[in-house]
Amino acid sequence: MKVLVTGAGGLIGQALVRAGATGLTHKQLDITDQGALAELLDAGPNCVINAAAQAGVDKAEQQPERTEAVNHHAVAALARACQQRGIRLVHIGTDYSLNSDADLVPEMTPAPVGVYATSKSRGEQAAAAHGAVVVRVQWVYHPDHTGFFARTLAALAQGRTVSLVTDQVGTPTPADLVARGLLMAAAGTQTGLFHLACLGETTPWGWIEAAAQQLHLPFSARPITRADLGGAPRPARSVLNSDRFLAAFTGAPGSDGEGLVLPRWDVALGDVLEG
Ligand SMILES: NC(=O)c1ccc[n+]([C@@H]2O[C@H](COP(=O)([O-])OP(=O)(O)OC[C@H]3O[C@@H](n4cnc5c(N)ncnc54)[C@H](OP(=O)(O)O)[C@@H]3O)[C@@H](O)[C@H]2O)c1
């Protein structure tokens with residue numbers, strides 16, 4: 001099966017390429033360019049995984065038009081174009097589309113808060129309406145990617161004190177596990193909304209503390225709240241329930257031919273850091 005990945009230079013895009021998919025970076029394909037998209041789709045991939053997004057939650061507040069163009073309008077056009085050609089589309093969604101202290105299931109009514117979440121939610125709805133698979137993920141990380149996780153651990157390794165949020169709860173999930181799941185969704189047949197994350201829950205504080213302990217790094221941290229961060233609104237608790245995903249796709253052949261086991265977040269973290 002030929003799987004094409006858009007946004008292949010990003011955190012999840014890179015993981016998909018490591019897992020064997022063919023990737024196009026932002027430079028190689030801008031998903032807002034409908035002519036370029038049509039040309040690509042006419043070349044006949046079996047499946048497209050859209051990992052392209054304006055994924056900066058705070059940046060979105062400063063760039064609402066670009067965020068809406070990439071995360072909503074381009075996704076709607078991509079989904080329509082894939083549906084017209086019979087190409088399966090797997091689109092990556094976000095826990096931020098929902099807003100509930102209860103574990104998040106795909107049946108919940110969207111309740112996004114902020115520019116990023118609203119644009120993503122609109123994109124998810126448009127993609128699902130055009131027959132795509134939408135897989136919502138959360139707190140995705142890879143130790144080599146220059147995101148919050150790697151940046152914070154690098155600062156601790158340099159002996160610096162870091163500020164960590166203590167009033168936000170979620171589930172860290174390794175990018176390579178997400179990529180395996182997305183490839184399973186690509187190989188499956190069901191469409192609609194799904195969730196994919198590790199089990200259990202923690203705060204950014206608990207996450208980094210566990211990683212520092214595992215790596216024998218000094219843990220010098222100051223507790224802060226989401227309000228101290230400023231920027232875009234962030235949910236207090238957002239924990240994805242992956243039952244529907246597991247029921248739909250773990251029987252499908254994945255990239256490694258094995259089923260997908262969702263470990264607890266701290267077990268997955270240990271495995272990732274052991275490398
Ligand atoms: N990481 C998480 O914890 C997380 C959580 C929930 C949902 N998600 C979703 O997962 C998906 C992938 O996110 P990520 O974490 O991998 O983000 P990322 O590292 O920022 O990757 C996104 C990629 O998309 C590219 N891009 C931006 N605009 C584009 C456009 N118009 N055309 C083509 N490519 C474009 C970016 O390139 P530039 O850098 O050049 O802009 C970047 O390489 C997104 O839909 C995001 O909303 C991620």
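Modeller: Trp139 is found in the loop between β5 and β6 (140-141). Helices (H or I, at least four residues) and strands (E, at least two) are DSSP runs, numbered from the N terminus. Residue numbers start from 1 along each chain as its sequence is written. The model is predicted, so local features need pLDDT of at least 70 and side-chain atom pairs pLDDT 80 or more, while totals for chains, interfaces and linings use all residues.

Colleague: Why is Trp139 called buried?

Modeller: Trp139 has 24 other C-beta atoms within 10 Å. A residue is buried at 20 or more such atoms within 10 Å of its own C-beta, exposed at 12 or fewer and partly exposed in between, with C-beta atoms placed from the backbone. The count for Trp139 therefore puts it in the buried class.

Colleague: How do you know the class of His216 and of Ala69?

Modeller: His216, in the loop between α8 (204-215) and β10 (221-224), has 6 such atoms within 10 Å and is therefore exposed. Ala69 belongs to helix α4 (residues 64-85); with 16 other C-beta atoms within 10 Å, it is partly exposed.

Colleague: Why is the protein chain called as compact as a globular protein of its length?

Modeller: The chain has 11 helices and 10 strands. Its radius of gyration is 18 Å, close to the 19 Å of the globule rule for 275 residues, so the description holds. The radius is taken over C-alpha atoms, and the rule is 2.2 Å times the number of residues to the power 0.38. Buried residues make up 47% of the 275.

Colleague: What makes two residues a contact, and which ones does Ala69 have beyond its neighbours within four places in sequence?

Modeller: Their C-beta atoms, placed from the backbone, must lie within 7 Å. On that basis Ala69 is in contact with Thr32 and Ala74, leaving those neighbours aside.

Colleague: Why are β2 and β9 called edge strands?

Modeller: The open sheet has 6 strands in the order β2-β1-β3-β4-β5-β9, with parallel pairing. β2 (22-24) and β9 (192-195) each have a single partner strand, so one side of each lacks a neighbour in the sheet. Neighbouring strands are turned by 25° against each other on average, direction ignored. Angles are between N-to-C directions, from 0 to 180 degrees, of lines fitted to C-alpha atoms, for helices over the stretch in contact.

Colleague: How do you know that β4 and β5 pair?

Modeller: Pairing needs at least two DSSP bridges between the strands. Strands β4 (residues 88-94) and β5 (residues 133-137) have 5, in the parallel sense. His91 stands opposite Val134 in β5. Helix α4 packs on this sheet, touching β3 (47-50) and β4, at about 155° to the direction of β4.

Colleague: What makes a residue part of the shell around the ligand, and how many are there?

Modeller: Its C-beta atom, placed from the backbone, must lie within 6 Å of the molecule. There are 25 such residues, and Gly7, Gly10, Ala52, Ala53 and Ala55 are the closest. The largest share, 3 residues, comes from α1.
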